[in-house]
Amino acid sequence: MHPFMLAARTGWFAEGRFLGRILDGWINDTEDFIRTKLPHLIIAAAIAFFLYYLLKLVTNRMVFLAERHAGGGTRMSQVRTLAGVIRTTGLAVIGVIVTMQFLGAVGVNLAPLLASAGVAGVAIGLAAQNIVKDMLNGVLILIEDQFDVGDSVKLAGVAGTVEGMTLRKTMVRDGDGTLYVIPNSQITTVANLSIGYSVATVNVSVDFSANPDEVLGLLKSIAMDIRTSDEFRKVFVADPQVLGVDAVKGSEIVFPVVFKTLATQQYAPVREFRRRVRLALEEHHMLPGDPNRVFKSFDEPADATGKMPPEEHPATQDPTTIKPQETNPFSGE
């Protein structure tokens, strides 16, 4: 035995004395801890280190793939946020498991602690269940890439542009500048207008007197001129379609024209098409449609507005100029 240990076992620490028995118990406990529990703690620490390395590898891989495919930008910030959340949550779970293993190894009774933690967890869960729903739905939105910042969307009855998003909320600004803050748990249906392409239908109304074949040719010419122009050539994903006569309402004939463009890029070519149609109708002396304008006969001439001349009615005397009756209604004279 070591000389120090021999010296320690004399006097008050001699075998059989009170402090000696305490020292013997400590030695036995230390031997038992080193022999049975220390290997368990070493294995738990090794597993925790491996899980941390694996978690770090996965999150870094997520960021790397996002950088290679997205090339930075808004989507890149979302992936970094999601990776940070996953890493922090994973580290918290690993830390709790390792701490419980250590406390159990040193002899701490975990049953009361787990019971208290369970009760506290239930209370916190009931108080913050909406926040938990918001965060879980926010994680799904980020993972599934349902929408990004800058997209035109319709969420929870609100239409506008996404200005910001976190795990708990999404901020949408509508056309009049109002900013809406929507909890992610309320987002059940997502209408993303910025994905793929957009389709716009313009209904051109022309008077019944116009030749439908001439109108179709005119509309096709105008639509294709816009399609091939330098300003809008890159906007279209398909040629415009003039579908023909869609409806006849009184003196109005409706010709729908369909434009298929890149997502949210249909507004400018549609405005230009309407402007050119207005000028072309005037140039070709065609009247716009009017559902209240009615033709009596094709043989009767119409005036410049396309309306039939009014019928002539016999002149009637102004009732205010009629002289009062001068006969006495009582005597008849």
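Which residue is the bridge partner of V202 in strand 9? I looked this up and found V257.

**Basis.** I note that this is a predicted model, in which local features need pLDDT of at least 70, side-chain atom pairs count only at pLDDT 80 or more, and totals for chains, interfaces and linings use all residues. Residues are numbered from 1 along each chain as its sequence is written, and side-chain values use heavy atoms, with hydrogens and water left out.

**Terms.** I take strands as DSSP runs of E of at least two residues, numbered from the N terminus. I count two strands as paired if DSSP finds at least two bridges between them.

**Strand 9.** I looked up its burial (buried means under 20% relative accessible area, 1.4 Å probe, protein chains only). Nine of the 11 residues of strand 9 (residues 252–262) are buried, so this strand is largely enclosed by the rest of the structure.

I then listed its partners. Strand 6 (residues 197–207) pairs with strand 9 in the antiparallel sense over 11 bridges. Strand 7 (residues 241–242) is also antiparallel to strand 9, with two bridges; here Q241 stands opposite V258. Strand 8 (residues 247–249) runs antiparallel to strand 9 and is joined to it by three bridges, and V248 has I253 as its bridge partner. In the hairpin of strands 8 and 9, two residues lie between the strands, and G250 takes a positive phi near 65°.

I found five strands in the order 4-3-2-1-5, with antiparallel pairing. Strand 4 (179–183) and strand 5 (190–192) are the edge strands, each pairing on one side only. Strand 3 (residues 169–173) pairs with strand 4 over five bridges, and K169 stands opposite P183.

Definitions and conventions: Buried < 20%, exposed > 50% of the residue type's maximum accessible area, 1.4 Å probe, protein only. Helix = DSSP H or I, 4+ residues; strand = E, 2+ residues; numbered from the N terminus.
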